[in-house]
Amino acid sequence: MTKASQQNKTLLVIEDEELLLNILVDEFASEGFRVLHASDGQEGLDLALREHPDLILLDILMPHMDGMGFLQKLRADEWGNGAAVLILTNIEGDVKKTIEAMENGVFEYLVKSRWSLEEIKERVREKLKGQDSK
Amino acid sequence: MNIFKPSFPQFRIKKEKFPYFIQWLWNLSVPTKLHIATALIVVSSLLGVGLLWLGMASLSGLRAYVAGEAMWSKAEKSAVNHLSRYAFSFNENDYALFQEAMKVPLGDRKARLELQKEDPDLEIVRQGFLEGGNHPNDIDNIIFVFRNYRWMSFVEDAIDAWEEGDKRIERIQALGEQMHKIITQSGNTNNLQVRLAVTQRIVPLVEEVHLLDDQFTILEERFASTLTNGGRGLTRLLFQVLIGIFVFFSIAAVILILFINQTVSSVDRVKGEMISFASHQLRTPLTITNWYAEKLYREADLPLEKRSRYLRAIYYANKRMIHLVEALLNSSRSERGILVQSLSRIDPIKAMNNVVEDLDFHVTHKKLTVIKKYDSQMTTMMSDPEALKMVLHNILSNAVRYTPAGGTITVGVRQDGSHVLFHISDTGVGISKDEHDKVFNKRYRAAKVKELGKKGSGLGLYIARSAVQQLGGNIWFESEENKGTTFYVTLPQNGLI
């Protein structure tokens, strides 16, 4: 995927840890994506439903409305039901959450502390490419 | 949001439902419980062995009495026999045999009389029983039973029978001597005339002897049966007591072992949770370091402002990890009561300043104002610098965390009698009244705080209080919801009292 084609892609990053949010935004912005961001589920939901991003990077543990809450509300929306979501989190081994996520159409869980920025970028590109070829 | 939620097993025994004693037992430390359980087992074993020994000694003693009684009856019958013969043979030999036989009951009598004294001479007692024909190895048992078992009715009964027997033995002895006197003083016993006269005088004596002999039979039987029945009863009693002791101590030991098991498994569980919690808490700062460092080394042409921002983020993320590790270590140390390691002379104002500086990043980031109110006359104090730093840091980091942007934090150090008083105030979210007494609990996170999603271990104030207590000081706070909180810490100026 070229930098040029990345320019018309919108990403939404929802992450409450500010330092992590900043670097993710920096990273994807410098790749040419249009990056929207939010630090809690509610804010993220409003943005998602308004802007219809091509891919949503979602954290699970957040105040007010957490990742799961966001996901459920998102899927209740017509557009949201088909929206692409990638979960970036640091909790794992929580089988309940994994199943819940799958029930809400998310099959990808990336553990932040194990993935480098480069690898995440690659994964995002792949997912968006997959979307294009549909 | 509260990240760390300890998992509870499906079935949880409510401690409070049990009586106070059980609760106290539950709360003892594992080594203590183990010691008590061991002691119970040892004591019950010793008691068991002791009772067994006692039982065997008693039964042995009773058996010795019965054997002694057999000797006694045999001798008594033999004496009566010889005396009867003597009464008609006038043969000195018969009389000698009579006296020989009498030694047995008389020996036992001598022993009994001595034993009934206030302070018996055991040598005389032993001598008496030996004369009574008792086996030397049985004598100690016989004495033991006599001296220690009189309170048992059956033993008392048997000894009564013995006393009755002795009375009659004394009478027999007297009768024998009387006969002997008559016969030896009668003169020529070959003379028929003389013989008749003597016999006339002796016959009533012999009749009495036979009368007594009949009585002896009854007494001897009474003595033997009382002891045998009593012996059976004693065995049964001892057996029951033994079983009782065994059951009691076994139950006590089993209960303690169950408690230990529960404690150990809950400790294991908590340890597991601690590790899982620790690794979880570490992940965020690790990710920060990871990604920022990645960016830094991958992009050589990053603008300077970004570079320095990224490096700062890494620095503070690292600090966060250091503090977490410290907190975990201290949590473990505070459990073991070894938070305070050593005392040295320190400057309390400098200590406070250091702690404030440590949190500079967050203070600047949230645009908080820090006011310092230090007593200009403040001198040095004796304390553990690491422990003090940790206490102040934990309180101050809370203040910073829970004060919204633009707020104010005031720190102060001043003399307070023989103590040094530190205070840290903020204009933060405060602590609601109903949570006031939970503040120093392990992993206390205020409800409001959870909602705001602030990151924190919940261990800070628990450890702080533990450290302050070990330093011989005091910690308390004042707070009003949405207005702010002030924490106070006093420490003895001259170290631990």
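Visitor: In which helix of chain B is B:Phe246 found?

Guide: B:Phe246 belongs to the run of residues 192-298 in chain B; helices (H or I, at least four residues) and strands (E, at least two) are DSSP runs, numbered from the N terminus. This is a predicted model, in which local features need pLDDT of at least 70, side-chain atom pairs count only at pLDDT 80 or more, totals for chains, interfaces and linings use all residues, and side-chain values use heavy atoms, with hydrogens and water left out. Residues are numbered from 1 along each chain as its sequence is written, while chains are lettered from A and ligands numbered from 1 in the order in which they are written. The helix that holds B:Phe246 is α7.

Visitor: Which word applies to B:Phe246, buried or exposed?

Guide: Buried means under 20% relative accessible area, exposed over 50%, and partly exposed in between (1.4 Å probe, protein chains only). Because its relative accessibility is 55%, B:Phe246 counts as exposed.

Visitor: How many residues of chain A are in contact with chain B?

Guide: Contact means heavy atoms within 4.5 Å. On the side of chain B, 24 residues take part. Their partners in chain A number 29.

Visitor: How many salt bridges are there between chain B and chain A?

Guide: A salt bridge is a side-chain nitrogen of Lys or Arg within 4 Å of a carboxyl oxygen of Asp or Glu. A:Asp26 and B:Lys306 form one, at 3.8 Å, N to O. Between chain B and chain A, the count is 5.

Visitor: Which element gives the largest share of the side of chain B that touches chain A?

Guide: The elements of chain B that give two or more residues to this side are α7, α8 (304-335) and α12 (447-452). The largest share, 11 residues, comes from α7(B).

Visitor: What is the N to O distance in the salt bridge of A:Glu27 and B:Arg298?

Guide: A:Glu27 is buried, with a relative accessible area of 1%, whereas B:Arg298 is partly exposed at 28%. Both belong to a network of salt bridges that also includes A:Glu31 and B:Glu294. The side chains of A:Glu27 and B:Arg298 meet with an N to O distance of 3.1 Å.

Visitor: Where does B:Lys167 lie, together with its salt-bridge partner B:Glu164?

Guide: The closest N and O atoms of B:Lys167 and B:Glu164 are 3.0 Å apart. The two residues are 3 apart, about one turn of the helix. Both lie within residues 153-184 of chain B, in helix α6.
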